[in-house]
Structures are given as C-alpha cells and as structure tokens.
Amino acid sequence: MTTHVSDSPANVVASRILGTGHYAPAQVVTNDDLAKKVDTSDEWITTRTGIKQRHFAAEGEASSDMAAAAGRAALAMAGLNVADLDMIIVGTVTPDHPIPGCAVHVQRKLGADDIPAFDIAAACAGFIYGMSIADQFIRGGSIRCILVIGVELLSRKMNWDDRTTCVLFGDGAGAVVLGPATRPVDGAPPVGILSSLIHTDGSLAGALNIPACGSAEPPVLEHLENKQDKVHMVGKDVFRTAVRNLTSCSAQALKASTLMSSDLDWVVAHQANMRIISQVSSRLGFPLEKFVINIDNYGNTSSASIPIALDEAVRDGRIQPGQTVLMCALGAGISWGAAVVRM
Ligand code: UT7
C-alpha cells in the first residue's frame with residue numbers, strides 16, 4: 001500500500017480525519033410534496049421536527065452507489081487514492097441486499113483491492129460505531145487508512161400509512177477517511193479522535209425496528225400486507241431516550257477526552273429532530289449556534305446524518321483545522337455513541 005503517511009506504527013497514538021465527503025440524491029421531496037400523499041402538513045412537520053425537505057434516491061440507485069460517491073469525495077479531499085485504503089467500514093441498515101454486505105459492493109464500485117470491507121448495523125449510531133472501530137484498528141498499528149461511510153436509503157423502508165414516521169427520513173451518504181495521528185511535538189495539542197464510546201440497550205429493541213421479514217419472521221404475504229417489512233417507531237419513547245442518552249454519552253466522551261464543553265468549537269449531533277437537538281444543547285450547556293444543523297434540508301438520514309453534516313461544515317469553512325468537534329448519535333437498538341475529535 002502507498003500512503004502519504006510516513007510515521008512508524010510506534011508513533012501512532014490515535015486516528016485522525018484526513019478527508020470528508022457526502023452524497024445526496026438529486027430528487028428533493030418537500031413537506032408540501034409529502035402532504036399530497038400523506039395526511040400531514042408542512043406546518044406540522046416543521047414545528048414538530050424542523051424538517052423542510054429530504055432527498056430520495058432515484059429508481060435504480062442503491063445504497064452502495066451513494067456510499068461510493070461519498071467515499072470518492074472523502075478520498076479526494078484527503079488527497080488519497082483507493083489503493084491507499086486498508087479497510088472499508090459501512091454503517092447501514094439499508095444494504096443493497098441481505099447478503100453480502102453493502103461494503104462489499106462499495107469495495108467493488110471503488111475498485112479497491114481485496115481489503116476487508118464490512119457493514120455495521122447500528123442504525124443511526126452506525127457512523128459513530130464505524131469510526132470507533134476504525135480508531136481501534138489504527139491505534140493498534142496494524143491498519144493505517146480506513147474509509148468509514150454512513151449510508152441509508154430509508155425512503156424504500158417507509159410505511160406511507162404511518163404519518164408519524166414516514167415524514168421523518170431521507171436518503172444519503174457521508175464518509176470520512178481516517179489515518180494515523182502521531183504523538184504531538186513541541187507542546188501542540190493532540191489531533192484526531194480524542195475519545196469515542198458506544199452503547200446499546202437491547203431492552204428497547206422494539207421501540208424502533210423493522211418488525212418482520214428477517215430470519216425470525218421470514219417474509220410472508222401477511223407481513224408484507226401489514227407493512228411489517230417497513231420501519232416502525234414508538235416516537236415518544238425514542239425521543240425521551242435520545243435526549244437523555246445523547247446528553248449523558250456526550251458528557252462521558254468529553255470527560256474521556258479530558259476537555260470541557262467550553263473547549264468545544266462544534267457539536268455535530270445526529271439529525272433526528274430539531275427539538276431533540278435543542279434539548280441536548282440546553283442540557284449540555286452548549287449554545288445551539290454551535291451545533292451544525294442541516295435537518296431542514298435532509299431530514300433524518302440515520303447513519304449518514306453525522307458525516308453529511310460534518311462534510312458540509314468542513315467544506316463551507318465553519319469547521320476549521322485544529323478545532324474540536326463533539327459528535328453524538330442514537331438510533332435503533334437502542335444504540336448510541338459519541339466521539340470528541342480535534343480536526
Ligand atoms: O433516528 C432515530 C431516532 N429517532 C428519533 O429520535 C425520533 C424521535 N421521535 C420524534 O422525533 C417524535 O416523537 C416524532 C416526530 C416522531 C413525533 O412527534 P410527537 O410530538 O411525539 O408527536 P405524536 O406522535 O405524539 O403525535 C402528536 C399528534 C397526534 O395527534 P393527536 O393524537 O394529538 O390528535 C398525531 O396523530 O400529531 C399527530 N401527527 C401528525 N400530524 C400531522 C403525528 N404525525 C403527524 C404528521 N402530520 N406527520
């Protein structure tokens with residue numbers, strides 16, 4: 001493998017973000033568009049969630065297409081080639097097929113060598129999970145360069161008769177390239193992933209799921225007719241858990257990074273509901289203006305939401321090199337996690 005990083009494994013103390021990228025499908029669906037086929041309104045969706053529009057994949061467009069596009073953009077920003085990659089990790093619960101994983105198709109579409117490529121099914125927390133796993137590999141010194149992608153194509157998993165859930169989600173992909181960060185010299189602050197942590201509470205598995213059509217309840221006509229193959233959510237339970245757990249894991253990640261909230265420049269939180277983000281902001285005591293917010297444009301893109309928001313903020317210059325960013329996400333599982341990163 002050729003990489004631009006010449007540091008010896010012994011000096012690797014963390015992983016760092018070398019590039020970011022994202023891809024959003026061209027088709028934009030506004031709240032008014034949805035109101036033509038669902039019993040809803042722009043007013044309800046905007047005030048209860050903050051969402052104004054979302055992007056839907058085109059017919060024939062697959063999760064791996066979106067993921068590969070985001071991955072190419074991240075590699076280009078990093079100034080790296082596909083041949084520089086040692087691993088591909090894709091956070092997704094909407095792979096192209098049940099078998100093999102989405103990452104397998106991404107590997108093929110990028111034209112990568114026979115490097116390991118696998119999926120993480122941690123739903124909206126999938127990107128934080130992927131980044132945390134990638135960080136362990138790079139810190140361990142055996143792997144140097146990892147493409148971590150969050151991609152979701154949830155528009156094909158909506159029950160259009162369930163207005164509380166179907167208006168929330170959108171499609172898209174975001175990616176980062178992670179490489180080694182070495183021991184800082186001359187008293188410079190460390191860069192890269194300063195802390196990351198992940199959690200799951202399986203007792204809440206029923207709060208957000210696709211109830212059937214997996215191996216436990218194989219697809220039969222009855223399940224399909226009852227839309228048991230589509231996303232089902234007990235919104236209020238997930239909302240309460242999200243506010244509580246995103247706040248607590250963000251505080252834990254900050255503590256583990258030995259920073260305080262006053263040291264943070266930005267928070268990139270999972271974009272599920274503007275009211276969740278506002279409540280986490282006030283509970284953390286960190287101003288809402290310092291949260292990167294794009295839920296109005298994308299809706300909830302699950303595992304893609306953090307890397308899409310991160311990439312937008314990096315590209316428009318809000319997030320600058322050397323700044324410190326807290327990321328936090330929660331979704332089906334219930335699975336959640338947070339990371340503190342110095343860019
Ligand atoms: O990404 C994974 C994590 N996901 C989340 O974090 C999502 C967490 N949950 C939520 O964001 C919110 O619970 C929802 C946005 C899903 C729902 O908001 P809510 O304030 O909990 O609404 P609700 O389900 O309690 O419904 C309130 C009212 C109901 O009417 P009544 O019974 O008060 O007359 C619903 O029928 O709003 C009605 N309603 C709607 N009205 C118009 C529900 N959905 C809609 C809709 N349009 N789309």
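**Close-up 1. Polar contacts between side chains and the ligand in the predicted model.** In this predicted model, an oxygen atom of the ligand lies 2.7 Å from an N or O atom in the side chain of K236. For N273, too, an N or O atom of the side chain is found 2.7 Å from an oxygen atom of the ligand, and a polar side-chain atom of R163 is placed 2.9 Å from a ligand oxygen atom. Taken on its own, the ligand has 950 Å² of accessible area, of which the protein covers 75%.

**Close-up 2. The residues that surround the ligand.** The ligand is surrounded by 24 residues, and the closest of them are T40, R48, K236, N273 and N300. By residue class, this shell divides into 11 nonpolar, eight polar and five charged residues. The space that the ligand takes up is the second largest pocket of the model.

Close-up 3. Among the contributors, α8 gives the most to the shell, with four residues. Seen by domain, the shell draws at least three residues from domain 1 (9–182) and at least three from domain 2 (192–342).

**Close-up 4. The cis peptide bond between I99 and P100.** Most peptide bonds are trans, whereas the bond that joins I99 and P100 is cis, with an omega of about -5°. P100 belongs to the loop that runs between strand β4 (87–91) and helix α4 (102–110).

**Close-up 5. The cis peptide bond between G333 and I334.** In this view, G333 and I334 are joined by a cis peptide bond, for which omega is about -10°.

**Close-up 6. The backbone at C213.** Most residues other than glycine have a negative phi. C213, although not a glycine, has a positive phi of about 80°. The residue is located in the loop between strand β9 (208–209) and helix α7 (221–225).

Note on methods:
Residues are numbered from 1 along each chain as its sequence is written. This is a predicted model: local features need pLDDT of at least 70, side-chain atom pairs count only at pLDDT 80 or more; totals for chains, interfaces and linings use all residues. Side-chain values use heavy atoms; hydrogens and water are left out. A residue is near a molecule or strand if one of its heavy atoms lies within 4 Å of it. A polar contact is a pair of N or O atoms within 3.5 Å; within protein, one must be able to donate a hydrogen and the other to accept it, and residues adjacent in sequence count only if both atoms are side-chain atoms. Accessible areas come from the Shrake-Rupley method with a 1.4 Å probe; for residues, only the protein chains shown count as cover. On a 1 Å grid over the protein atoms alone, a cavity is a set of points where a 1.4 Å probe fits but cannot get out, and a pocket is an open set with protein on both sides within 12 Å along at least five of seven lines; lining residues have an atom within 4 Å of a point. A molecule sits in a cavity or pocket if more than half of its atoms lie within 2 Å of its grid points. Helices (H or I, at least four residues) and strands (E, at least two) are DSSP runs, numbered from the N terminus. Ala, Val, Leu, Ile, Met, Phe, Trp, Tyr, Cys and Pro count as nonpolar, Asp, Glu, Lys and Arg as charged, and the others, Gly among them, as polar. Domain bounds come from an automatic or database domain assignment.
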